[in-house]
Each structure stands twice: as C-alpha cells, then as structure tokens.
Amino acid sequence: MSALLEKIASSQKAALEAMAQANQAQDLEKARVDFLGAKGQLTELTRAVGTLPPEERPQAGQAANVALKAVKAAHQEAVARLAKAQTQKAALDVTLPGRRRPIGHQHLIGRVMTEICEIFERLGFSVVEGPEVETDYYNFEALNFPADHPSRDMQESLFVGDKLLLRTHTSPVQIRTMEQRKPPVWVVAPGKTYRRDDDITHSPMFHQVEGLVVDEGVTMADLKGVLSAFATSFFSPDTAIRLRPSFFPFTEPSAEVDIACVLCGGKGCRLCKGSGWLELLGSGMVDPALYNFVGYDPKKVSGFAFGLGVDRAAMLKYGLSNIRHLYEGDLRFLEQF
Ligand code: PHE
C-alpha cells in the first residue's frame, strides 16, 4: 500500500473520531475545518492523489473519495446529534421561571351585583333569593297584576309551561319573602330576570336587585333616603336623585328614580339626551293589596319596594354603550374589569 493510502486511512479514522467526540458546536466546526476545510487534512490528501504515478491514482483516488464521503456523513450526523441535544436541554431547563396558570375572575355583572348588595347590607338589609322559573301567581297575581295586563302575554314574557314562566322581574321575591317572614322586613333580592327584549340596551336575560322594606311607620321619605344613600355610595358622593311619578300594579304611589347624569353631572349631554337625568330604577310604596296575599296587617305596617336594573347600573358606572358586550364572553372585553 502506498504511503498516501495509509495517510488517507489514518486521516479518515482521526476525522471520524473527532466528529463523534465533538460535544460542542465549536469543536465540531474545528474538526470540519481541520479535515474538510479548504486546507483541511483530507482535502490536501485528496489533492495529493494527482501527484502520484498514473498507475497508483485510481486506487488512491477512490480511497480519498470514500474517506471524504464517510467524514462528511459523520459531520452531518454530529450536527444532528448536537441540535437534538440542544432542544432536549432547552426542554429540561429547570431554571426557567414557571408558567403561571391564568386565573379567572368574577364577571362584571356578578361583581356589580355583589357591590350593590353590600351597600344595602351596610344599611341593614339582608340578602334573599327566589327561583328564576316562577308561577303566574308569584310573578303576577299576588303582585296585583290584572288578568289582562300586557306582560302576562306570551309575546312579552318567556313561558315554559302553563302558568309557569321565566320571571320577568325580581318582584315575586317580595311575595315569597313576606310569606316567610313577619315584619320588620329589610331585604334585597339579586338575580336573573327574563323578557322578550333584545337590542343594544336590552338583553333577554338581565339582572335586577329587588329591595323590600316593610316595617312600622315607613314612608316615602325612607324610600328616598335609602335610594339616595345607595346612589351616592354606588356612583359618586355627589350623585343627586329625583323621583318621577310612575305606575306599577304592586306599588302605590309609584316612582321612577333617576340619577343625575354620570357623564355631564346634570348639565345635559348626549347620554342623558339633554335632560341631565338618567333612569335607574322603579320603586314605590308597597300597595296594601299585597298584604292581603301574605297575611300582613295594612293598618299596622307600611313599606316601600324598588327594582334596580343591574346591567343598566353597570353600563352607567363603567360607561358601556352596548349591553351585548356583557354576554358575548369576549375576554378582551371582560378582562378590563
Ligand atoms: N318590578 C319592576 C320592574 O321590573 C320594578 C319595581 C320593583 C317597581 C319594585 C316598583 C317596586 O320594572
């Protein structure tokens, strides 16, 4: 065997060893340059084949080609091995900070509902609840609705059976509470309510907080005092309220309660349509007719009630223009609160 053939064989062996042993990218690159580079050992040896006597060239040339091919393959293999080790190392990097699990939070409506109830609890009210599927009796009849009242119509309310419907307001909880408790009664009843309504300020499912006070000597001044205390606590300390005559079958007299516009403070703007006031809730003195349904003595007690639209209150407080944002479940919206 010629000396060149021997050199090629030993260079190949050394190159394969160097490639196999390289554990760092720099080591591997150095091995490549040492053996396969323009001035690398194997490159030079291959070039030297041309200096051999013609009869020795074919054998040496073939050996050089085989050696080059093997070393190049070994280099590719080593590159792949190092890359794999790199990703495995990254996957196992125990020093990386942990990933926090996203934690949910209460929906804006739930938060506002809790906040409203807490304000009334500080005023001495306690929280009660009633069912969302109601009977005609609690939703209408015991609340003094006449048989032909439009909201008893299928077109307005969501019926689930004969004389069984999704409550159209939280007022049935007034009756349920009075059936169960004797005066004095100071309660608020938060919950879901349902109507056939659907536009940018009405959702078919919405929320109310009902308030009911029945005690000795309760007057309209108490109603105004309590609701004014609520408005200043929920909106801002200088929020004024006003009462406008209204009608509900279960209160007499009845009043719509407005708050001074949250945007312009009463001067008149786009939100309050120039009036300076925003409608917030329905209220009134409990109609004594209701006491007959629950066995209270109208000569001994009197009371007031109110029904507050939670969605509307939330929209006013947070300046929301479309009620649907509350119910679409878009986290980009919900996470702002
Ligand atoms: N239930 C009435 C409504 O939903 C509001 C209300 C409640 C009015 C209590 C007076 C007293 O519109």
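Which residues are closest to the ligand, and how many surround it? The ligand has 14 residues around it, and the closest are His169, Ser171, Arg195, Gln208 and Gly307.

## About the model

This is a predicted model, in which local features need pLDDT of at least 70 and side-chain atom pairs count only at pLDDT 80 or more, while totals for chains, interfaces and linings use all residues. Numbering starts from 1 along each chain as its sequence is written, and side-chain values use heavy atoms, with hydrogens and water left out.

## Around the ligand

Let's start with the polar contacts (pairs of N or O atoms within 3.5 Å). Serine 171 puts a polar side-chain atom 2.9 Å from a nitrogen atom of the ligand. For arginine 195, a side-chain N or O atom sits 2.8 Å from a ligand oxygen. Glutamine 208 has a side-chain N or O atom 3.0 Å from an oxygen atom of the ligand. On its own the ligand has 330 Å² of accessible area, and the protein covers 90% of that (Shrake-Rupley method, 1.4 Å probe).

Strands here are DSSP runs of E, at least two residues long, numbered from the N terminus. The elements giving two or more residues to the shell are β6 (205-215), β9 (277-286) and β10 (302-309). The largest share, three residues, comes from β10. By class, the shell has four nonpolar, eight polar and two charged residues. Gly counts as polar in this scheme, and Asp, Glu, Lys and Arg count as charged; Ala, Val, Leu, Ile, Met, Phe, Trp, Tyr, Cys and Pro are the nonpolar set, and the others are polar.

## Cysteines without a bond

A disulfide is a covalent bond between the sulfur atoms of two cysteines. The structure holds zero disulfides, with the cut-off set at sulfur atoms within 2.5 Å. The sulfur of cysteine 269 has its closest cysteine sulfur in cysteine 261, at 3.7 Å, so that pair is too far apart for a bond. Likewise, cysteine 272 has its closest cysteine sulfur in cysteine 264, and 3.6 Å is too far for a bond.

Cysteine 272 is buried, at 4% relative accessible area (buried is under 20%, exposed over 50%, partly exposed in between; 1.4 Å probe, protein chains only).

## Domains and a buried glutamate

The protein chain divides into domain 1 (2-92) and domain 2 (108-334), with bounds from an automatic or database domain assignment. Their C-alpha centres lie 86 Å apart.

Glutamate 134 belongs to strand β2 (residues 133-135). Glutamate 134 is buried, with 0% relative accessibility.

Terms used
A residue is near a molecule or strand if one of its heavy atoms lies within 4 Å of it. A polar contact is a pair of N or O atoms within 3.5 Å; within protein, one must be able to donate a hydrogen and the other to accept it, and residues adjacent in sequence count only if both atoms are side-chain atoms. Helices (H or I, at least four residues) and strands (E, at least two) are DSSP runs, numbered from the N terminus.
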